[in-house]
Amino acid sequence: MLPKFKRILLKLSGEALLGDQQNGDPFNPRIIEQYAQDIKMVTDLGVQVAIVIGGGNIYRGMNEAESGIERAHGDYMGMLATVINAMAMQAMLEKIGVYTRLQSAINMEQVAEPYIRRKALRHLEKGRVVIFGAGTGNPYFTTDTAGSLRAIEMKADVILKGTRVDGVYNADPEKDPSAKKFDTVSFQECINQNLRVMDMTAFTLCMENKLPIIVFDMNKPGNLLKVVEGMRVGTLVS
């Protein structure tokens with residue numbers, strides 16, 4: 001089947017890399033390997049893939065009053081955590097034969113290229129998976145916002161937000177068994193119903209640039225391929 005999208009931005013949750021393990025390790029190798037295999041299936045179809053990964057499995061911004069760490073300082077710590085996750089994903093992709101480039105919004109030449117938009121576009125055109133680390137490089141912005149920004153800069157057709165749930169619900173399905181899932185929902189409906197698809201900065205960027213978002217369960221093997229082929233998986237926000 002021909003892919004529906006030519007170029008995608010895959011936004012992955014850092015917490016999802018934990019899987020269901022409780023041993024204190026920030027990574028579940030089985031989850032990272034499954035993600036890598038799913039991404040390879042998509043690239044084998046000729047789809048150009050850019051990736052942004054969160055860092056919540058390693059470090060989340062803490063309350064300044066409780067931790068004593070000011071917000072900006074904590075956000076930079078979180079950016080470094082995303083680079084660790086990006087390196088782990090890069091290593092697994094390269095292990096299975098997928099060519100990658102890691103670009104960081106914070107300069108660290110020994111492990112990643114600096115983020116250069118034109119260079120990233122060229123990598124995508126050559127069929128390399130481009131992984132963006134360190135968020136936007138600025139505090140007070142989430143990796144959701146980094147994902148939206150990079151998707152717009154890379155002229156992606158869609159943002160695929162891979163999470164642990166299978167779409168957008170009117171309540172938290174992990175807490176409320178009666179929560180209703182949406183197959184499709186508009187940007188305005190998300191705002192009106194306070195559906196937390198992304199943080200408001202990221203969401204507004206997508207809405208203003210008419211960039212659709214598909215929220216789906218990335219932890220189910222094969223789901224990414226189904227989304228790229230245009231099957232009804234997850235929730236389409238447009």
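# Close-up views of the sheet and its helices

View 1. Ile31, Ile32, Gln34, Tyr35, Ala36, Asp38, Ile39, Val42 and Thr43 are the buried residues of helix 1 (buried is under 20% relative accessible area, exposed is over 50%, and partly exposed is in between, with a 1.4 Å probe and protein chains only). Helices (H or I, at least four residues) and strands (E, at least two) are DSSP runs, numbered from the N terminus. This is a predicted model, in which local features need pLDDT of at least 70 and side-chain atom pairs count only at pLDDT 80 or more, while totals for chains, interfaces and linings use all residues. Residues are numbered from 1 along each chain as its sequence is written, and side-chain values use heavy atoms, with hydrogens and water left out. Those buried residues of helix 1 pack against strand 1, strand 2, helix 3, strand 5 and helix 8. With 15 residues, helix 1 reaches 21 Å from its first C-alpha to its last, close to the 21 Å expected at 1.5 Å a residue (the expected span is 1.5 Å times one less than the number of residues).

**View 2. Gln34 up close.** Here we zoom in on Gln34, which lies in helix 1. Gln34 has a relative accessible area of 11%, so it counts as buried. Setting aside its neighbours within four places in sequence, Gln34 is in contact with Met218, Asn219, Lys220 and Pro221 (contact means heavy atoms within 4.5 Å).

View 3. Nine strands make up an open sheet with mixed pairing, in the order 4-3-5-2-1-6-10-11-9 (two strands pair if DSSP finds at least two bridges between them). Strand 4 (113-114) and strand 9 (184-185) are the edge strands, each pairing on one side only. Helix 1 (residues 29-43) packs on this sheet and touches strand 1, strand 2 (48-53) and strand 5 (129-133). The direction of helix 1 makes about 155 degrees with that of strand 2 (axes are lines fitted to C-alpha atoms, for helices over the stretch in contact, and angles run from 0 to 180 degrees between N-to-C directions).

**View 4. Strand 2, covered on both faces.** Six of the six residues of strand 2 are buried, so the rest of the structure largely encloses this strand. Gln48, Ala50 and Val52 point one way, Val49, Ile51 and Ile53 point the other, and all are buried. Strand 2 runs parallel to strand 1, joined by six bridges, and Val52 is the bridge partner of Lys11 there. To get from strand 1 to strand 2 the chain passes through helix 1, and this β-α-β crossover is right-handed (with the strands pointing away from the viewer, the path from the first strand over the helix to the second runs clockwise). Strand 2 also pairs with strand 5 in the parallel sense, over three bridges, where Ile51 stands opposite Ile131.

**View 5. Strand 6 and its two partners.** Strand 6 is largely enclosed by the rest of the structure, because six of its six residues are buried. Val158, Leu160 and Gly162 sit on one side, Ile159, Lys161 and Thr163 on the other. Strand 1 (residues 7-12) and strand 6 (residues 158-163) run parallel and are joined by five bridges. Across this pairing, Leu10 stands opposite Leu160 and Lys11 opposite Lys161. Strand 6 and strand 10 are also parallel, with five bridges between them, and Phe216 in strand 10 is the bridge partner of Gly162.

**View 6. The nonpolar cores.** The largest nonpolar core has 37 residues, of which Ile8, Ile51, Leu160 and Leu224 touch the most other members (a core is a set of buried Ala, Val, Leu, Ile, Met, Phe, Trp, Tyr and Cys residues joined through side-chain atoms within 4.5 Å). Helix 1 gives the most to this core, with six residues. Not counting residues up to four places away in sequence, Leu160 touches Ile8, Leu9, Leu10, Lys11, Ile214, Phe216, Leu224, Val227 and Val228. A second, separate core of 29 residues includes Ala146, Phe182, Met198 and Leu211.

**View 7. Helix 5, mostly covered.** Eight of the 11 residues of helix 5 (residues 143-153) are buried, among them Thr143, Asp144 and Arg150. The buried residues of helix 5 pack against strand 1, strand 2, helix 3, strand 5, strand 6 and helix 7 (200-208).

**View 8. Gly97, out in a loop.** Gly97 sits in the loop between helix 3 and strand 3 (100-104). Its relative accessibility is 52%, so Gly97 counts as exposed. The C-alpha atoms of Gly97 and Ala36 are separated by 10.0 Å, with the two residues 61 apart along the chain.
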